[in-house]
Amino acid sequence: MRMIILGPPGAGKGTQAALIAENRGIPAISTGDIFRANIQGETELGLQVKEILASGGYVPDEVTNAIVRDRLAQADAASGFLLDGYPRTPGQVEALDEMLAEQGHSLDLVLELTVDTDEVVGRLLQRAQEQGRADDTEEVIRKRMDIYAEETAPLAAIYSERNLVKQVDGMGSVDEVTARITTLLDQAGT
Ligand code: B4P
């Protein structure tokens, strides 16, 4: 199973990706987590992207695509994966298509989590209090939402044309959303 989870910042992508991946026995690959781990480890990549993440901007496609290419080449991703937070731009969609074609594979499903704007802002401000992530301030959240609307929201249309998108209501508790996704994946026979 090769899947993508799409949705605005705070929609629950990372939360649900971890749960689904564990349940289906595939790795959840989060570009955001990879960047944050590199920032924490003060690697060359971490130093390169630290300011970008803190400001809510997107890391350049060539950097992000190279990281995903390396990650998908690892053994645990050979029989399936769930990508969380990637692709985020049309250029990344194209790059992912190329990576999959080189491996002789294609995407099976795109899960799109839909959540009200007020709800996502509330969740991220809550996370700011709990975890103090550098990009969870009100100003940066607003910027991330704007960039998402401009750059990433249109990706759903690209994948819809390929009949890959399944929308899931992301409102409600984590367990309620997980139950909806599980039902959908079971129905899709995955
Ligand atoms: P991400 O790590 O992807 O951050 P995100 O969009 O905020 O989603 P996240 O997964 O963390 O939050 P979630 O919705 O699960 O990206 C961070 C940054 O990295 C980007 O801004 C960009 O700079 C860079 N980046 C990453 N990928 C990139 C790419 N492909 N190209 C370029 N740049 C890239 O959860 C949010 C909060 O809600 C959590 O606290 C969670 O506990 C809570 N929550 C989840 N579900 C809930 C529910 N049902 N009810 C209540 N709370 C819930």
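Two residues are in contact if their C-beta atoms, placed from the backbone, lie within 7 Å. The views below show a predicted model, in which local features need pLDDT of at least 70, side-chain atom pairs count only at pLDDT 80 or more, and totals for chains, interfaces and linings use all residues. Residues are numbered from 1 along each chain as its sequence is written.

**View A. Residue G12 in the loop between β1 and α1.** Leaving aside neighbours within four places in sequence, G12 is in contact with G7, L113, G170, V174 and V177. G12 counts as buried because it has 24 C-beta neighbours inside 10 Å; a residue is buried if 20 or more other C-beta atoms lie within 10 Å of its own, exposed if 12 or fewer, and partly exposed in between. Helices (H or I, at least four residues) and strands (E, at least two) are DSSP runs, numbered from the N terminus.

**View B. Residue A11 in the loop between β1 (2-6) and α1 (13-24).** With 24 C-beta neighbours inside 10 Å, A11 is classed as buried. Apart from residues up to four places away in sequence, A11 touches L113, V115, V120 and G170. The UniProt annotation "binding site", from an unreviewed entry, covers A11 and G12 together with G10, K13, G14, T15, R127 and G172. UniProt positions are given in the numbering used here, feature names are shortened, and annotations may be inferred rather than shown by experiment.

**View C. Residue Q16 in helix α1.** Q16 is buried, with 24 other C-beta atoms within 10 Å. Not counting residues up to four places away in sequence, its contacts are I5, L113, V177, T178 and I181. The C-alpha atoms of Q16 and D175 are separated by 9.2 Å, although these residues are 159 residues apart along the chain.

**View D. The crossing of helices α1 and α9 (residues 174-187).** The axes of the two helices come within 10 Å and cross at roughly 55 degrees; axes are lines fitted to C-alpha atoms, for helices over the stretch in contact, and angles run from 0 to 180 degrees between N-to-C directions. α1 and α9 are therefore oblique to each other, since angles under 35 degrees count as roughly parallel, over 145 as roughly antiparallel, 65 to 115 as roughly perpendicular and the rest as oblique. In this contact, T15, Q16, L19 and I20 of α1 meet V174, V177, T178 and I181 of α9. The residues of the contact divide into five nonpolar, three polar and no charged (Ala, Val, Leu, Ile, Met, Phe, Trp, Tyr, Cys and Pro count as nonpolar, Asp, Glu, Lys and Arg as charged, and the others, Gly among them, as polar).
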